Every structure is written in structure tokens, then in C-alpha cells.
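Open the structure in your viewer and keep the selection tool at hand. The tour below goes from one selection to the next.

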There are 2 protein chains.
Amino acid sequence: MRFLAVLLCALPLFAADQKVVLRELTDLLAIPNLADDTANITRNAETIKTMMERRGITTRLLSLDGAPPIVVGDLKAAGSTRTLAFYAHYDGQPVDPAQWKSAPWTPVMRDANGNDVDWKNAATLDPEWRLYARSASDDKAPIVAMLAALDSLRARNVKPRVNLRFVFEGEEEAGSPHLAAYIAKYPDVLRPDAWIICDGPVHQSRRAQLAFGARGVLSLDLVVYGPVRALHDGHYGNWVPNPIVALTHLLASMRDENGRILIDGFYDDIVPASPAEKAAIAAMPPVEADLRREFQIARTEGESLNERILLPALNVSGIQSGGVGDKASNTLQTSARAAIDFRLVPAQTPESVKALVERHLVARGYKIVRDDPGAATRMANEKIVRVRWGSGYPPARTPLDHPLSNEIAALMKRAGHEPVRLPTMGGSVPIYLFQQPGNTPTITLPIVNHDNNQHAANENIRLQNLWDGIEIFAVLFENLEK
Amino acid sequence: MRFLAVLLCALPLFAADQKVVLRELTDLLAIPNLADDTANITRNAETIKTMMERRGITTRLLSLDGAPPIVVGDLKAAGSTRTLAFYAHYDGQPVDPAQWKSAPWTPVMRDANGNDVDWKNAATLDPEWRLYARSASDDKAPIVAMLAALDSLRARNVKPRVNLRFVFEGEEEAGSPHLAAYIAKYPDVLRPDAWIICDGPVHQSRRAQLAFGARGVLSLDLVVYGPVRALHDGHYGNWVPNPIVALTHLLASMRDENGRILIDGFYDDIVPASPAEKAAIAAMPPVEADLRREFQIARTEGESLNERILLPALNVSGIQSGGVGDKASNTLQTSARAAIDFRLVPAQTPESVKALVERHLVARGYKIVRDDPGAATRMANEKIVRVRWGSGYPPARTPLDHPLSNEIAALMKRAGHEPVRLPTMGGSVPIYLFQQPGNTPTITLPIVNHDNNQHAANENIRLQNLWDGIEIFAVLFENLEK
């Protein structure tokens with residue numbers, strides 16, 4: 001293979017070097033990568049292992065029954081006792097080919113107008129071109145970008161001063177069901193001194209971004225009960241209690257229309273935002289006005305999106321009972337059901353939230369059951385709610401003023417990619433798995449464009465984001481202290 | 001044909017006479033009777049016309065384009081200027097034959113244990129036997145019972161003193177879509193001095209019953225809006241307003257958990273219960289404890305069912321947004337929808353209720369729209385609700401102390417069938433059509449058993465109810481004053 005001739009920070013790659021990178025990326029993107037497609041997911045892992053070994057990285061495949069392998073590569077630095085792990089995943093979301101403009105695992109380059117481009121024979125590559133394929137952004141581009149960054153160091157005969165470990169998972173889009181077991185099985189490998197998670201998109205302003213945490217999550221399935229059989233609501237409509245009415249009152253008692261959670265004690269465990277977090281949020285490019293226009297909403301539940309996601313959330317994501325519209329009938333329903341998910345922030349835990357919510361239900365006069373109630377339970381309790389807790393995990397945060405946080409942000413700034421610093425993502429990713437048990441610093445460093453159609457049809461990577469990503473990784477690999 | 005030999009009030013029919021009645025009823029039940037089955041519904045009408053003409057009743061079929069005929073029969077009394085109309089309907093609800101023990105239009109007699117009985121060859125007919133067929137109770141039994149009652153008068157050479165008019169509709173179960181037009185077309189025929197509506201079941205205690213009204217009804221379809229596209233509720237969950245949360249607060253603001261409607265002014269138009277209504281309710285056999293057991297509910301929204309249905313109701317019959325249970329996803333939905341029906345009592349009208357509800361929505365900060373809002377409307381209004389009013393009509397009541405009310409109740413009592421007197425039914429039937437414009441007294445006199453599986457599979461008539469019905473009609477036809 002051919003190494004990149006020259007790569008200097010903040011200088012664009014020459015077209016020839018760019019094509020080397022794109023050739024490696026398109027080859028990798030051509031391998032279907034659903035986590036449950038064992039043959040192909042293993043091909044992906046083997047291919048990445050080969051790509052790493054070509055670069056002199058000591059590479060192995062970690063394995064666990066029934067799980068795709070984790071590709072782990074080590075690049076030791078003489079005299080360093082610090083190991084920084086760079087995480088990405090090589091599996092992708094399921095595809096609906098009918099919704100794609102071209103086959104999901106046949107990479108196609110298109111210009112900003114959506115026209116196909118023959119990039120292999122182009123003299124120069126427009127940085128606004130995009131490469132379309134499943135996982136072009138999520139999450140194969142970071143893998144290829146890291147390896148290209150290593151090539152640039154090698155071309156300049158520069159060696160990292162810190163031990164680098166590359167950890168590439170194969171079932172992140174399936175919910176990382178074996179990640180905890182992998183960490184338990186391979187603690188020496190999967191408990192580095194720090195994690196840099198290379199997943200997700202950069203800021204909507206196209207500026208680079210670092211995220212220092214994620215909210216935890218906890219899902220809840222609630223059912224309240226009416227009569228044991230559906231009744232004519234004219235005959236019985238204001239004598240027999242209506243389960244939909246009960247549910248609306250219960251939900252309204254849990255959360256107001258401004259996002260404030262009304263459950264007693266819900267905010268007691270919350271660690272207030274640090275000065276560094278407040279400063280980072282104040283420094284973020286404002287996105288609120290654009291988002292309001294994009295979502296066509298005239299009001300929000302608070303001014304600053306990023307201040308809001310420092311707080312916990314109670315989201316009602318589904319509610320169902322009876323029929324509406326054409327399906328409406330004058331019926332007193334037997335039950336009403338809601339789907340809720342909580343987003344947690346430090347130091348809330350799924351356990352602490354469960355206790356508060358159940359206390360609230362009891363305080364509202366509800367008998368809590370775990371299965372549909374029988375006649376005796378129904379006759380003995382005026383209000384009954386079936387409570388089923390779903391999966392959940394705690395939030396995670398790494399301080400913005402942690403030395404590694406400052407080190408990475410400073411290096412990115414030096415390379416011309418000063419990051420937007422996000423104290424936490426609003427969504428939930430199981431960063432706590434990387435952090436526990438020793439509160440390992442874990443920083444998310446995304447490189448791909450925010451408008452990459454992640455998880456959807458026509459996923460793509462914008463070339464400028466790929467080139468920027470290579471620069472950022474090269475700066476970090478070269479300059480992170482041992 | 002053979003007339004009933006003897007029928008004295010409160011004396012059972014002889015078996016031979018009973019079989020004559022049953023033969024006529026089974027013949028009529030053998031004709032399928034869906035309102036939109038034009039050929040068969042016309043056969044029903046023609047058959048009933050023939051049955052009436054055999055009894056010397058002057059009979060005609062009223063007609064209207066696209067509607068089943070109304071069978072009208074007149075039995076004039078010399079010297080009477082008062083015409084009392086007895087209403088029933090000969091059409092029935094749709095059937096799902098798979099759910100029936102025997103074919104819906106093949107009448108079968110069964111004993112109390114559900115075993116088939118050869119009634120034609122039986123020496124005596126057990127009054128607890130039931131005849132199974134679509135419309136056995138709802139509503140062909142009253143038609144046959146009225147004609148059998150006339151036979152008993154004729155057998156005793158007794159003539160009615162009041163003009164009797166029989167009015168048998170053919171599309172009641174389809175919602176009587178042409179009834180208003182029929183009344184408008186045939187005012188001389190369909191505006192008698194009073195109506196006796198022979199439909200529905202007797203009291204759950206098996207006692208005879210008179211009902212003096214019905215609640216009105218008005219349906220409402222509400223949609224509230226969130227972002228224009230579904231969003232990840234982790235990223236945006238407590239910044240972008242949640243439409244399900246908005247809907248729960250809106251519905252909770254409209255009605256409490258004890259059935260009290262919280263819409264300003266909602267009770268202002270209501271005529272308080274009269275002393276006669278209060279006395280009738282106090283005299284009713286209590287059913288509440290049995291119903292609580294049957295419905296398996298530990299509480300109700302008030303003590304007395306019949307006091308409650310003197311009041312209006314706000315029923316939420318359906319609510320829908322997003323998925324629940326296995327279908328739940330962490331999504332901020334774009335809208336949430338509810339189906340509501342109001343039950344109205346005098347002197348509320350659909351128009352008065354609409355105005356109050358819309359005033360409430362506006363007071364809660366909502367912009368009311370009639371169609372899904374566009375971007376400009378969304379951006380200009382913090383809270384938007386789509387309001388679509390469905391069909392509705394006003395309540396109707398005839399005073400319990402109206403002379404006709406007292407006359408009918410006294411005659412029934414004399415015949416050993418003292419009625420439970422229900423000031424209003426909780427459900428809605430368009431009695432206002434019969435009442436308007438002159439507030440014509442309209443009294444509902446049901447004869448069939450309450451457990452007749454009305455509208456469902458295995459509809460049936462209990463024989464004792466049929467014999468009691470014949471007795472009641474005979475007493476009325478003989479004794480109602482001219």
C-alpha cells in the first residue's frame with residue numbers, strides 16, 4: 001500500500017492522498033454490516049484487523065459467544081504508562097433499500113446538487129461532495145480517519161507519545177447488548193486510562209464538537225384500569241370511572257407543560273451545573289432560533305436547549321386507549337396505557353428515580369401492581385396502576401475542566417478546529433459502561449456532519465468532515481502527552 | 001288465521017295461544033333485516049303490513065328515496081280525537097355469524113341451560129325459555145306483542161277508546177338517518193299527540209320500566225400539535241413541547257376524576273331534577289352494588305347511577321399518540337388526539353356546549369383551527385388545537401307527572417306490572433325528533449329482558465318478557481282514555 005505523502009495540520013490533503021483514504025473507506029463500506037449478519041460482520045472485523053496490521057498496530061479480535069468481535073489494536077509508545085482508547089463501531093443500522101437512492105452498501109459519491117460524481121478520475125475533490133453508503137458516517141468514517149491520521153504521522157516519521165488503543169465494536173446499533181460482558185471478560189483491555197468515543201455528529205453549525213457526557217435513561221410502561229369490560233359510555237359515562245381521564249390526571253400530576261417534573265424530590269439528587277459547564281454553554285453557537293423554525297414551534301420549554309438538557313426530562317412518548325377519529329366509539333374503555341422515558345442527570349440513578357415515581361403513584365392513591373389485576377384486586381382498590389420498568393442506565397459526565405478535557409480541546413483549537421464543548425448530550429448512550437467503576441474520563445469526539453442522515457436512508461459523509469477528522473486525529477495522536 | 005281465545009290481564013296465555021304468537025314471531029325473525037339489504041328489508045315491511053291488515057288495521061308504507069319504508073297502521077276509535085303512536089323498528093344490527101351458536105336468522109328456542117327445545121311439540125312452554133335470533137328482542141318482539149295484544153282485545157270483543165297508530169321504522173340500527181326527513185314529509189302521520197317508544201330492555205331487576213327521556217349527545221375530535229416532524233426525545237425532550245403532555249393537561253382541565261366537568265358555565269343551563277324525578281329515582285330498585293361487582297370497580301363517580309345520569313357527562317372514549325408497550329419508542333410525537341363525547345341534559349343543546357368548550361380552549365391559550373395547521377400558523381401560535389365537532393343532538397325529557405305518564409304507569413301497575421320509572425336514559429336516542437317542535441310527550445316502554453344480548457351475537461327474547469309485554473300492551477290498548 002501507499003502511505004500518505006504529507007499531512008500537516010490544517011493544511012488540506014492533496015487529491016492523491018484523499019483518494020487513498022476514499023479507496024479504503026469505500027472498500028470498507030462495501031461490506032454489509034448488520035450486527036446480526038454474522039458472516040458479513042465478521043468480514044468487517046477481519047478487514048479492519050488487516051487494515052490495522054498493515055500499519056503495524058498489534059491487533060486482536062476479542063470474542064464472546066453470540067456477539068460480533070471487538071477489534072482491538074494497540075500502538076505502544078516507549079516510556080508511556082498512559083493508555084488512551086479511541087472507540088468507534090463498525091456495525092450499522094438496518095436499511096430499507098427501497099428508500100435509498102442507490103444500494104446502501106454500494107458507495108456512491110455525489111456533489112452538493114445530488115448528482116453522481118466520478119471521484120476516482122477527478123482532478124480535485126470538492127470538499128462539499130458527499131459519499132453515500134450505510135455507515136459512511138456512523139461509524140466507519142472515524143475508523144478510516146484514525147488510520148489515515150496514523151499514516152500521516154508515519155509519513156512524517158512522527159511517533160505518538162502516549163499508548164494508543166483502538167477499540168471498534170460490532171453491535172453498537174443493536175444496543176451494545178454484550179458491551180458490559182466484554183468489559184467484564186477483558187478488563188485489562190477495556191479499562192484504559194481514558195476513552196475517546198468517536199461517534200455521532202459535530203455541531204449543527206459545522207464546528208467541531210466535544211461532548212462530555214450523556215443523560216441516563218429509564219423507560220416506564222403505565223396502565224390504569226377502568227371497568228373489566230368495555231361499557232356504553234352513555235349509560236355509564238359519569239358513574240363508572242374513566243381510565244383515560246384517570247391517566248390524563250396522573251400524567252398531568254407528574255409533569256407540567258414547561259417541562260418541570262412535579263414528582264416530589266425529583267430534583268433533590270441533581271448536581272448543579274459547574275462554572276465550566278455554564279461557561280461552555282454560554283460560549284456555544286446559538287441554534288435555538290433555527291431549530292424553532294425547523295420544527296415549526298412557536299414556543300419552547302425553556303430558552304437554551306443546552307441548559308435544558310443539563311436537567312432531567314420526563315417524556316411521554318406514547319399514549320393509547322380506545323379509538324380516535326374514524327375509529328372513535330362511545331365506549332368507556334377498560335384501560336389506558338402510556339409510554340414514558342425519563343432522562344437522568346448526575347447523580348440520579350434508575351433506582352433513585354424508580355423509588356420517587358412509585359412514591360408519587362402511591363401518594364396519588366394508586367395501588368401498584370406488576371401484572372393485570374384480578375377481580376379481588378380490582379374490588380379492593382379504587383385506583384390501580386400497572387407499573388413496568390424497562391431498561392435503563394445512569395447518566396455519565398466527565399468534567400469540562402478535567403486535564404484531559406482541557407488537553408484535547410486545546411490541541412483541537414491549535415489545529416484550527418476549536419470545539420464547541422457540550423457538557424452533556426440530551427440523548428442517552430451507555431457511557432457509564434466506559435466510566436465505571438473508576439470514573440474513567442470519557443469524552444465524545446465526533447467528526448461527521450450533523451446532516452449525515454444517520455440511521456436513515458441515504459446516509460452520507462461530507463468530504464470536508466472526513467478531512468477535518470483526519471487532521472484532528474493526527475493532531476491528537478501526535479501531541480497527546482504520555 | 002286464529003285469534004287468541006282469551007287474554008286476561010296478569011293471567012298467563014294458554015300454550016296454544018302462546019304458540020300462535022311464537023309462530024308469527026319466528027316467521028318474522030326468519031327474514032334477514034339489515035337496513036341496507038333493500039330486498040329483505042322491504043320483505044320485512046311487506047310482511048308486517050300483511051300481519052297488520054289481517055287484523056283490520058289500515059296500513060300503508062311511507063317511502064322516501066334511499067330509505068327503508070316506514071310501516072304505518074291506524075286503528076281509529078269512534079269519537080276519539082287523540083292519536084297515540086306506538087313506535088318500534090323492524091331492522092336489526094349487523095351480525096357476525098361466526099360468533100353465533102346458530103344462524104342469526106334461523107330462530108332457535110333454548111331452555112335456561114342453553115339446550116335446544118322443540119317448542120312446537122311441547123305441552124307447555126317454560127317462561128324461562130328463550131328464543132334466539134337477530135332482532136328477537138331488538139326490536140321485532142314488541143311488534144308481534146302489540147299485534148297479539150290487539151288479538152286479545154278482539155277475542156274479547158273489546159275496542160280501543162283512543163286512536164292507535166303503529167309506526168315501525170326500518171333503519172333505526174343504522175342511526176335513523178332519514179327519520180327527520182320522514183317526519184318533515186309526513187307531518188300528519190308522524191306528529192301524533194304522543195309517542196310510546198317500544199324499544200330497549202326492561203330494568204335489570206326484571207321489573208317493567210318506563211323511561212321518560214334520553215341524554216343528548218355531541219362528539220368532539222381534538223388534536224394538539226408538537227414539532228412538525230417526530231424528534232428524538234432524548235435530544236429535544238424537555239425543550240420542544242410534548243403534544244401528549246399538552247393533551248393530558250388540556251383534558252385534565254376539562255373534567256376531574258369524579259365526573260365533574262370543569263368547563264366554565266357548563267352547568268348553568270341545566271334544569272334541576274323535579275320532585276317527581278327525585279321521587280322516581282328514590283323508588284328505583286338499587287342496582288349499584290351488583291353493577292360494581294359486575295364491572296369489578298371499587299369506586300364510582302357518585303353514589304346513585306340514576307342521579308348521575310340526570311347530569312351531563314364528558315367522556316373521553318379514545319386517546320392516541322405514538323406507541324406503547326412493545327411499540328414504544330423514545331420519540332417526541334408530532335401530535336396527540338382524543339375522542340370525546342358529551343352527554344347533554346335539558347336545557348343544554350349541542351350549540352350551547354360547543355360555545356362553552358371553545359371558550360374553554362381559548363381561555364387555556366389555544367388557537368382553534370379546523371384543519372391541520374401550516375407553518376405560518378404553527379410559528380404564530382404557541383398552542384394549537386384542531387377542533388372538529390361530530391354529530392350531535394339535544395336531550396329530551398317528558399315530565400314524570402305529565403297526565404299521560406301517570407296514566408300509563410297506573411295502568412301497568414293495575415295489570416301487575418308496576419314500572420320502574422326512569423327520568424332519563426343515560427345513553428342517547430333521538431327522542432327530540434319525536435318531541436319537536438311541539439314538545440310532544442314521548443315515553444319509552446320497553447318489554448324485553450335486559451340480558452337479551454342486544455346488538456351482539458345470540459340475541460334472544462325470554463318468553464316471560466314476551467308474555468308480559470303482550471299483557472301490558474293489551475291493558476294499554478283497552479284502557480287508554482280517548
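Where in chain B is the place of B:Arg414? Select B:Arg414 to find out: this residue belongs to helix α13 of chain B, which covers residues 403-414. Bear in mind throughout that the model is predicted.

Next, select the strands β4, β5 and β20 of chain B. The three form an open sheet in the order β4-β5-β20, with antiparallel pairing. At the edges are β4 (108-110) and β20 (460-462) of chain B, each of which pairs on one side only. From one strand to the next, the twist averages 25 degrees.

Zoom in on β5 of chain B, residues 130-132. Three bridges join this strand to β20(B) in the antiparallel sense. Which residue in β20(B) is the bridge partner of B:Leu131? Select B:Ile461: this is the partner. In general, the strands of a sheet pair through backbone hydrogen bonds, either parallel or antiparallel.

Last, move to chain A and colour its domains. The domain assignment gives domain 1 as 15-202 + 446-479 and domain 2 as 217-270 + 311-393. Between the C-alpha centres of domain 1 and domain 2 of chain A, the distance is 43 Å.

Methods:
Residues numbered from 1 in each chain as written. Chains lettered and ligands numbered in written order. Predicted model: local features only at pLDDT ≥ 70, side-chain atom pairs only at ≥ 80, totals over all residues. Helix = DSSP H or I, 4+ residues; strand = E, 2+ residues; numbered from the N terminus. Domains from an automatic or database assignment. Pairing = 2+ DSSP bridges. Axes fitted to C-alpha atoms, helices over the stretch in contact; angles between N-to-C directions.
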